[in-house]
Amino acid sequence: MKNLFFFLFINFVTSSLGQQVYYNDVDLNLTGLNLKNELATKIISTHTNFLSYAEAYQVIKQTDEDISNNSNVILFYNNQSEPKLNTIGGGNTSNPEVWNREHTFAQSQGTPNIGTSGPGSDVHNLRACDAVVNNNRASRLFASGTGNNGTTGANYYPGDNFKGDVARIIMYMYVRYGTQCLPSNAGIGSSASTPDDMIDLFLTWNAEDPVSPNEAQRNTVLEALPNGQGNRNPFIDNPYLATLIWGGQAAEDIWGIYTTPDAQDPTTPTNLVASNPTSGSIQLNWTASTDNNTVASYDIYQDGLNTYNSTSNGFTVTGLNASTNYCFTVQAKDQAGNISTQSIQDCETTLMAGASGTDCAMEDFENITAGQTNYDVRTWTDVNTLTWEATDARTDQSITGKAITIKNGSLTSPTINGGIGNLTVTTKRVFGGSSGTFDVFINGSVTNSGTIPYGNENEITTTTISNINIEGNINLVLTNTVSGNRVVLDDLSWTCFTTLSTNNFSNEEIIIYPNPTTSGIINVEISENSKFTIYNMIGQKKLTTLINKGSDKIDVSKLNTGVFLIKIQNDTKSFISKIIIR
C-alpha cells in the first residue's frame, strides 16, 4: 500500500496549499446556477489524472480505507470493514465474501450510459461495496426509507448512515458531467425549489446525514495521492453549497460564513498520557482541543510517524511488541483541513509477554446460566470478570459440570495477556449428527497448528493443540465447521507463550505460597532482592513493590478475587507465574 498517511500529513500541515486554496479561484459570493457553473468550470472539471476502470480498484483501497484498521476498507451501504485483499478486482476470486466497485450513479442511468471510462471510472462515484449488496442494489433508483440499507419496492434505500454520501456523490456527478448524469435519472423525488433537474430527495439526504470522517478522508486522498484524480467533491467539503445552488432543505455550513473559508487552526492537544500498557497495547488519553467551528479528529503519531486517527480524545494503540518503549504525540484537525501543532510527547513501555508453561486462560463455564434449551447468543463473565460469548448456543448440557453447547456458531474468548502455547478443550457431540471439527482462530486468523475434533455421539474427547506459540494479547474463537452438529464444550484452557531471552529464576531460587491465597498475604522466599509486580489477565498493572532476599511477605488484600499474573524481576533474572486470590 502506498503511504497514505504521508500524503494526508502533507495535505493537512500545508493548509495554505490544502482544501481552502482549492477554492481560491471560485467566487463564493455567487448563488444558484451561477455558483454551480463556477464550481463546474473552475475546479470540479480540472482532473489532473484520468483513471482507468482497473486503476480505480487500487485507488479505492486507499480512499475507502478503514480509519481504525488500515488493512481494511469500509464497504458502502452496510458499513462492513473488509480486508483490502478480498476483492475480485484485486485478483482474489476464491473468497466468496469479496467486495467490488459500486457505481453510486449507476452506469445504465447515464444518458448515454456512463460506461467504464470517464464518468464510469471517476472514483468520486465509485465506492468499495460488498458484492452481494452491490448486486442487490443493481441499477435501482434511490428512494426514501429509514434504518438500514435495502430494497424498497422496485427502488433502493442506501441506509441512514450513507444517504448523505449518496446525495453528495450524485450532486458531484451532475455538476461534473452535466445532463449525462441527471439526478432525476438516479432517484425518486420532486424537483427542488430552484429548477435545474435537482430533486428534493438528495437535498434532504444531504441535510439529514452530515459528512462522516471516512467520507472526508476519501475526498482528501483522491485529490492528494499521486495516483488520484487531483480534484475534490465540493459538496463534501461544504454541504451548504448545495443549499446555495438549489435551495431545498438547508444543509450544514462547515465553513461558517461560506464566503470566508475557515483558516483558524484548532488548539494544541494537552495533557497527553500514555498508560495502562499490556504486552501488545498502550492506552492514550489527552485533553480535547477547541476550534472556532468543530474539531473533526486527531492524528496520532507513533515514534514520529502519523499512524492512527481518532475522533475522540482517547485511543488504544494495539498490535505492539512486548517489552518495547513507544513514544506518542497528537495533533488536532478541523473539517476545513486546518491542523494544530503537535502535543508534548509521552512515552510508555509495553509489558513483558507471559512465561511459557503457565495457564494464561481457564474457562470451566461454571458462571453461565444453565438450563437454557433454545439456541441463542450467550454471554457471561468468568472469574476475572472478563466476558465470553457463544453464538447459536444452549446451556442445558454438561460434561464435568456446566458447559456450552454450540450448533452453527462460535465460542469467543475475551482478549487475555500472555500469549498462547498449548490449547486444551473437551468436546462431546449430542443429539445425533456426524463427526467434525472446530476451526481455531487466534486474533482473527485461523491457526495452522490443528483443529478441535469431536467424534461419536456422547463420546467425550479432550484435545490439546501444542506449539501454537503466539505472543502478546490473545483472542480465541472456536467455530463449528459442520452445519447442524450440536457439540458441548467444557474445560478450556491455554498456556502462556513468550520468546523471552531473560534468564529465569530456578524453582530453587524462588518459592511463592500459599497459592491460592485466602488470607490476603503471599509469602515469598527468594535468592536475590527483586521487584514484584502483579497484573490482571488483560495486562493491567495492579500492584508493584520491592521484595528482599530471604523471606518476605506481599499484602494483596486490596486486590479483587480472581486470577493474576506476577512478574518478579531484577537486573539479571525474571520470573512469571500465575496466582489465585480468593
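This is a predicted model: local features need pLDDT of at least 70, side-chain atom pairs count only at pLDDT 80 or more; totals for chains, interfaces and linings use all residues.
Trainee: How many bridges join strand S1 to strand S2?
Mentor: S1 covers residues 65-66 and S2 covers residues 69-74. A hairpin links them through 2 residues. The strands run antiparallel, and the bridges joining them number 2.

Trainee: Which residue in S3 stands opposite Val73?
Mentor: Start with the pairing: S2 and S3 (residues 81-83) are antiparallel over 3 bridges. Val73, in S2, also stands opposite Glu65. In S3, the residue opposite Val73 is Glu82.

Trainee: Which residue in the turn between S2 and S3 has a positive phi?
Mentor: S2 and S3 form a hairpin, with 6 residues between the strands.

Trainee: Are helices H4 and H8 parallel or oblique to each other?
Mentor: H4 spans residues 53-63 and H8 spans residues 213-224. Their axes lie 9 Å apart, at an angle of about 130°. Roughly antiparallel needs an angle over 145 degrees, and roughly perpendicular runs from 65 to 115. The pair is therefore oblique.

Trainee: How many charged residues are in the contact of H4 with H8?
Mentor: From H4 come Val59, Gln62 and Thr63; they meet Asn214, Gln217, Arg218, Val221 and Leu222 in H8. By class, the contact holds 3 nonpolar and 4 polar residues. The charged count is 1.

Trainee: Is Gln180 buried or exposed?
Mentor: Gln180 sits in the loop between helix H6 (163-177) and helix H7 (200-208). Away from its sequence neighbours, Gln180 touches residues including Phe105, Gln109, Pro112 and Ile114. Its relative accessible area is 19%, and the cut-off is under 20%. So Gln180 is buried.

Trainee: How many Å apart in space are Gln180 and Thr111, C-alpha to C-alpha?
Mentor: In sequence, 69 residues separate Gln180 and Thr111. Thr111 is also among the residues that Gln180 touches. The C-alpha to C-alpha separation is 4.5 Å.

Trainee: Which residue's backbone oxygen does the side chain of Asn475 reach?
Mentor: Asn475 lies in the loop between strand S24 (460-465) and strand S25 (476-480). Asn475 is buried, at a relative accessible area of 18%. Beyond four places in sequence, its contacts include Thr412, Pro414, Phe441 and Asn443. At 2.7 Å, the side chain reaches the backbone oxygen of Ser413.

How values were computed: Residues are numbered from 1 along each chain as its sequence is written. Side-chain values use heavy atoms; hydrogens and water are left out. Two strands pair if DSSP finds at least two bridges between them. Helices (H or I, at least four residues) and strands (E, at least two) are DSSP runs, numbered from the N terminus. Axes are lines fitted to C-alpha atoms, for helices over the stretch in contact, and angles run from 0 to 180 degrees between N-to-C directions. Angles under 35 degrees count as roughly parallel, over 145 as roughly antiparallel, 65 to 115 as roughly perpendicular and the rest as oblique. Contact means heavy atoms within 4.5 Å. Ala, Val, Leu, Ile, Met, Phe, Trp, Tyr, Cys and Pro count as nonpolar, Asp, Glu, Lys and Arg as charged, and the others, Gly among them, as polar. Buried means under 20% relative accessible area, exposed over 50%, partly exposed in between (1.4 Å probe, protein chains only). A polar contact is a pair of N or O atoms within 3.5 Å; within protein, one must be able to donate a hydrogen and the other to accept it, and residues adjacent in sequence count only if both atoms are side-chain atoms.
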